[in-house]
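Let's take a friendly walk through a protein model together. Have a look at the picture below, and then we will go through some of its details.

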Amino acid sequence: MLKMPLLLQLSSQLAQQDQDKEQDEDQDQDQQQAYQRQHQDKLQERQQKQRQVLQGCSTRLLLPVMLLLLMATLLTRPLGAVSNRLSETKLHEIYLDDKEIKLSWMVDWYKQEVLFHLQNAFNEQHRWFYLGFSKRGGLADADICFFENQNGFFNAVTDTYTSPDGLWVRRDYQQDCEVFKMDEFTLAFKRKFDTCDPLDLRLHEGTMYVVWARGESELALEDHQFALPNVTAPHEAGVKMLQLLRADKILIPETDLDQVEITLEKAPIPAQETTYWCHVQRLDSVIQHRHHIVQFEPLIKTPGLIHHMEVFHCETDEHAEIPLYNGDCSQLPPRAKICSKVMALWAMGASTFTYPPEAGLPIGGPGFNPHVRLEVHFNNPEKQAGVVDSSGFRIKMSKSLRQFDAAVMELGLEYTDKMAIPPGQRAFPLSGYCVADCTRAALPTSGIIVFGSQLHTHLRGVRILTRHFRGEQELRELNRDDFYSHHFQEMRTLHYKPRVLPGDALVTTCYYNTLEDKTAALGGFSISDEMCVNYIHYYPATKLEVCKSSVAEETLENYFIYMKRKEHQHGIHLNGARSTNYRSIEWTQPRVDQLYTMYVQEPLSMQCNRSDGQRFEGRSWEGVAATPVQIRMPIHRKLCPNYNPLWLKPLEKGECDLLGECIY
């Protein structure tokens, strides 16, 4: 059991660490087995050393063991204020079965590794338990650690991977599941972000899929290959989406907080697939004085029917009367359309969002109009009738103003059917631009700090990232999720908080899977349409609310003329609806390439907009040149000496899209 002085010492070490750091060829099965036989002695030697560690015979790994003991201590008993603060900010947790199997983890950014702790994962009846990582939730090409019960104790671990068909488990030639504690109820182990093993999946800051299972049958873990157990019993296997490499939690330093709830009032959900419901309301007297919003919490009453929701402030004269309203957004009174400045937002998979202690979203005080608009996107594919909803937000505010006013900005693509995605594509990219001229016109000389980001598409989105350019130099991305799921759209606090300067360009690219579509998918508001958005939270606040783009009108007109006259697409009507024209095209690979080329090379229509919807002055925003961007995405991984000596096909190498990006 750790004593308080040691705990304080470890806490200090972790804090100091945080300050110090902010070929394609498949190897055939015979070669893998030959290598396994050649290195069997080395594997046995490693396993013997691991048993010695488990028996407490190794002093070389004292600090990691102490960290795991600290982690276990934080999980099992209350300590003083310092340790509680450490546990609240460093420790993340989730229930794998939504019931009792608790996975906790701590991210060590300094050492580039994650420490895991599992509680209630197994009992005396179970002979094995596995925990691993999958690219998109399936069991093919998964990276799995097997923990085995031998002689009544879970005291053996094997690093494995699964076959491309997901039917077989194979022992990895490099063992990277480093265990510190195993008994009949719990286990603790660690993994490096990047093990330099082609048969491991790298841990990253995007969406990760954790797979797990347990069973009572005997496994042939000593064999090079054995059948993957087929576990179908409830609460015995599952998959969870989570952001594993996440920033530390943020604590609210203020104690005297006010709060207000902005919710629907028993709104009847129409029996149709897509509805945008608007509720304009007047906030109470608490906002007569200026506050800073420090946290917003979603209040979801019908979780199966809400796709996303937003709160907009009515940015107008403080005495202007806005008509109260509760109904379909298509019938919103004209005077309420001024309510367009984003205050809070939520989408499927998101949870409570907390602002960093140096910034808050301003609300109330002199000059502040008390009206807001709550907009909820209902997705009702079954067209259920008779359902009412009162979802919304609980917003916590501080009277003590923080150093900076924060704000929200929309990046990406304009919501318009000027943009289309051809059918039959594995990962077709569309990019929305925030060009250098817009940031130059809108941002202060010192720039802005981006601390939060929420990526958003509808049903076809599979990957999103926002790239950051300063002149010809590409900087680190603002946010990136190579394994994005529209079911898990968190508002994420960023570990790396970039500074965006005037004249920088931001390019948000969304990849879409349309393999099951028969006609082109279009941009728009319906769930069957598509979006590409990155909502960024930043400080200090500016007047720039929207920095998005679409293809220029003249460019699109010329494209349809070309397709009709040169490609003989006679279903196109030059004065007809864009959506009809796109959907009439018979798509071939050359035509897909032509569409992509037009989107990345031809001029743009820019939305460089203030919160009132007006564009920034100083230039015409129609026909703006697109920011030149390299097609291939940068790959972030450490240099690995003697990487992949057997020329094995890496687990991360999957099926490729038209641009050669292999992200599946």
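Residues 1-40 have a pLDDT under 50, and for them the model has 65 contacts beyond four places in sequence. Here pLDDT is the predictor's confidence in each residue, from 0 to 100, and a contact means heavy atoms within 4.5 Å. Residues 49-63 also have a pLDDT below 50, with 15 contacts in the model beyond near neighbours in sequence. Where pLDDT is low, the predicted coordinates should not be read in detail. For the chain, the mean pLDDT is 83, and 82% of its residues reach 70 or more. Among the elements, helix H1 (residues 4-20) has the lowest mean pLDDT, 41, while strand E33 (residues 499-500) has the highest, 98. Helices (H or I, at least four residues) and strands (E, at least two) are DSSP runs, numbered from the N terminus.

Two notes on reading the values. This is a predicted model, in which local features need pLDDT of at least 70 and side-chain atom pairs count only at pLDDT 80 or more, while totals for chains, interfaces and linings use all residues. Residues are numbered from 1 along each chain as its sequence is written, and side-chain values use heavy atoms, with hydrogens and water left out.

**Rings that meet**

Rings of Phe, Tyr and Trp (its six-membered ring) pair if their centres lie within 6.5 Å; planes under 30 degrees apart count as stacked, over 60 as edge-to-face and the rest as tilted. How many aromatic pairs are there by this rule? The count is 24. Two of the pairs are shown here:

| Pair | Centre to centre | Angle between planes | Kind |
|---|---|---|---|
| Phe-122 and Phe-129 | 5.8 Å | 70° | edge-to-face |
| Trp-128 and Phe-146 | 5.9 Å | 50° | tilted |

Trp-128 is buried because its relative accessible area is 1%, and Phe-146 is buried because its value is 0%. Phe-122 counts as buried too, at 3%, and so does Phe-129, at 0%.

Pro-229 touches this pair: leaving aside neighbours within four places in sequence, Pro-229 is in contact with Trp-128, Phe-146 and Leu-219. Pro-229 lies in the loop between strand E11 (225-227) and strand E12 (237-242), and counts as buried because its relative accessibility is 15%.

Ring pairs also build a cluster of Phe-296, Phe-353, Tyr-355, Phe-393, Phe-404, Phe-451 and Tyr-539. Charges can meet rings as well: a charge sits over a ring if NZ of Lys or CZ of Arg is within 6 Å of the ring centre and within 35 degrees of the ring normal. The charged end of Lys-548 sits 3.6 Å from the ring centre of Tyr-415, over the ring, and Arg-463 lies over the face of Tyr-511, 4.9 Å from the ring centre.

**Nonpolar cores**

A nonpolar core is a set of buried Ala, Val, Leu, Ile, Met, Phe, Trp, Tyr and Cys residues joined through side-chain atoms within 4.5 Å. Which residues touch the most other members of the largest core? Of its 55 residues, they are Ile-293, Val-311, Tyr-355, Ile-363, Phe-393 and Ile-395. Strand E19 (residues 339-347) gives the most to this core, with six residues. A second, separate core has 32 residues, including Val-114, Cys-177, Met-182 and Leu-245. In soluble globular proteins, nonpolar side chains tend to be buried together.

**A buried threonine**

Thr-207 lies in the loop between strand E9 (186-192) and strand E10 (208-215), and counts as buried because its relative accessibility is 0%. A polar contact is a pair of N or O atoms within 3.5 Å; within protein, one must be able to donate a hydrogen and the other to accept it, and residues adjacent in sequence count only if both atoms are side-chain atoms. The side chain of Thr-207 makes such contacts with the side chains of Asp-481, at 2.6 Å, and Arg-492, at 2.9 Å.

**Backbone exceptions**

Most residues other than glycine have a negative phi, and most peptide bonds are trans. Asp-141, in the loop between E4 and E5, has a positive phi of about 50°. A cis peptide bond joins Tyr-539 and Pro-540, with omega about -5°.

Note on methods. Buried means under 20% relative accessible area, exposed over 50%, partly exposed in between (1.4 Å probe, protein chains only).
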